[in-house]
Number of protein chains: 2
Amino acid sequence: MRAVVMYAPGDVRVDQTERPTILEPTDAIIKLAATCICGSDLWPYRGADDVDHQPMGHEYVGVVDEVGPDVVNVKVGDFVVGSFFSSDNTCEICQAGYQTHCVHRGPGAVPGAQAEYARIPQADGTLVATPGQPDADLIPSLLAASDVLGTGWFAAVAAEVGPGKTVAVVGDGAVGLLGVLAAKQLGADRIIAMSRHADRQALARDFGATDIVEERGDEGVARIKELTDGLGAHSTIEAVGTQESMLQAIRATRAGGHVGYVGVSHDVSLPGQELFFSGVHLHGGPAPVRRFLPELIQLIWDREIDPGKVFDLTLPLEQAAEGYRAMDERRATKVLLTL
Amino acid sequence: MRAVVMYAPGDVRVDQTERPTILEPTDAIIKLAATCICGSDLWPYRGADDVDHQPMGHEYVGVVDEVGPDVVNVKVGDFVVGSFFSSDNTCEICQAGYQTHCVHRGPGAVPGAQAEYARIPQADGTLVATPGQPDADLIPSLLAASDVLGTGWFAAVAAEVGPGKTVAVVGDGAVGLLGVLAAKQLGADRIIAMSRHADRQALARDFGATDIVEERGDEGVARIKELTDGLGAHSTIEAVGTQESMLQAIRATRAGGHVGYVGVSHDVSLPGQELFFSGVHLHGGPAPVRRFLPELIQLIWDREIDPGKVFDLTLPLEQAAEGYRAMDERRATKVLLTL
């Protein structure tokens, strides 16, 4: 089969590899309907994370092709969406809604989903079947649910978004934009998207943003304060993962407010005293997408949300390298790869 | 009048000073019934915070002696308890329960309460009158409500303590011990106090601790994990404020659990990646004691709680220097000063 492999930073290739096989009785093999490139794939691409001949991809939708003998919740032929982290969905941590911290989780995200087939561990806990075979136009949105929508949604939930609240969103990548969509669905009064890219601003408005702030850093914080009677946002979604974005999120939030952070933390060190006197709530981490999948799949199935709009470039899998370049150069927000 | 002044680190004296006077129409002057030394007073005493001829003390109970012309909620003769931070209790931030971040708050804690009289800014928002003149034996508990009880209570609320939960408490000073008391009142199933001092362990058990962990750092975390099926506490109260104690609290808490931190942060720098992958909720800061005062006063008045037990040394105000020494040398948990 064909699979995307990152040989080294900046060096992405499509190799011929073996179709994965069932290794554990709880595994399933799925035939992907589509896959995509994640903003977090840019960390190794840019050399910020180590990488050496790594099979890429952790976002996936497709049809179950084979199941291990212990799998009972999904069957061959089901169309499924899964979280980018596998989980048993039965342990105490999963039951509390933190499936990315499942006591039986794998060592990291599901690997190798930018490929024709992928092996999904703990299929019963990880995969959720859709109500039937989806129309083709729903596939991008279902694919988004696998990570970026679920992650943006978790950020909004972690930021305690709700009616009557003003929400600031730091980061205009796919996760930040879908944080806007989630904030709208969760009933926020006002949604301030921080973005300086016209196309992303337009999509943010389409998803429900009421205000756009182009300034960053201290100036961005000052603008958020101006828009909120000097107090700051009730809820702030952080979807970048840098020191600047974390401080921007904390400083843009009023005392007693909530910061939901999902940008994978890189070289972040939070000053304790500033955090202490900020009085904010801080919650985040790798999103337990599995918690939200049934609800998100239903919203997509009912065509109430269209998160697939974040894909602004579609390429065949063979052109994965061009997809990575386009995202690296910010020519694309998120790239869908067809099979 | 007599007042405690810290001339320099380690140099505490009782001076003759002027009785404070009304400066703002919203001020009240109170005649203190008792005052006390706070764990946070040890930071400047030990040279960790700058100090130069500083009037000390921010915890107080007493009788209103004089009010400014705009004060309507308390009157001369009322016995009052106040938060260590003044607040108007009417702004949007106060109404949300974050009075320590009041938009009209002073530059810091109420100053100069280790004295015969103290000036309390924004008396209407800051002070709460007791149902009547208290019996003498209630005064230590009412005094504790002014800061350490309210702070321990806030930590427990910030840590989302409640029925069915296991709570870990990092720090066996007055605030940590009263965090134990708060956790008990808030219905925690199990309360693990981290302490290696026999007298403090005994008081923790008296306040409701079910388990004691003597180990610290990684060993302490390992013990908490052992006691919680390997998962960590649901709720952890952090009442120290050092790098070690913050990391101990975060690491002792399960993913999806809550850390309530109230130890004033000193030289703390939180590693972003560890925090991200911990999956905990983090909330804390200077406690909005005012939010809890009516409830805490009633619990004390009804003799349902006895937080005054944290005072294990009582000295006349004149011997304040000995009080500081006793706390510095850990011969006393908390020192009450009589007037």
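Okay, before we start: when I say buried I mean under 20% relative accessible area, while exposed is over 50% and partly exposed sits in between, with a 1.4 Å probe and protein chains only. Strands (E, at least two residues) and helices (H or I, at least four) are DSSP runs, numbered from the N terminus.

This is a predicted model, so local features need pLDDT of at least 70 and side-chain atom pairs count only at pLDDT 80 or more, while totals for chains, interfaces and linings use all residues. Residues are numbered from 1 along each chain as its sequence is written, chains are lettered from A and ligands numbered from 1 in the order in which they are written, and side-chain values use heavy atoms, leaving out hydrogens and water.

Let's go to strand β3 of chain B, residues 28-36. Seven of its nine residues are buried, so β3(B) is largely enclosed by the rest of the structure. Who are its partners? Strands pair here if DSSP finds at least two bridges between them. With β5(B), residues 60-67, there are seven bridges, antiparallel, and L32(B) sits opposite G62(B). With β7(B), residues 117-120, we get four bridges, again antiparallel; I30(B) has A118(B) as its bridge partner there.

Now over to chain A and helix α8, residues 217-227. Which of its residues are buried? They're G217(A), G220(A), V221(A), I224(A) and L227(A). Going by directions from the helix axis to the C-beta atoms, they cover an arc of only 125°, which puts them on the same side of α8(A). In general, an α-helix has 3.6 residues a turn, so residues three or four places apart point the same way. Those buried residues pack, meaning heavy atoms within 4.5 Å, against β9, β10, β11, β12 and α9 of chain A. Facing away from the buried side of α8(A) are the exposed D218(A), E219(A) and E226(A).

Last, the two chains. Superposing by least squares on C-alpha atoms of residues with pLDDT of at least 70 in both copies, chain B lands on chain A by a rotation of 180° with 0.0 Å of shift along the axis, RMSD 0.0 Å. The copies are thus related as by a two-fold rotation axis. And 100% of chain B's interface residues are also interface residues in chain A, so the copies meet through the same surface.
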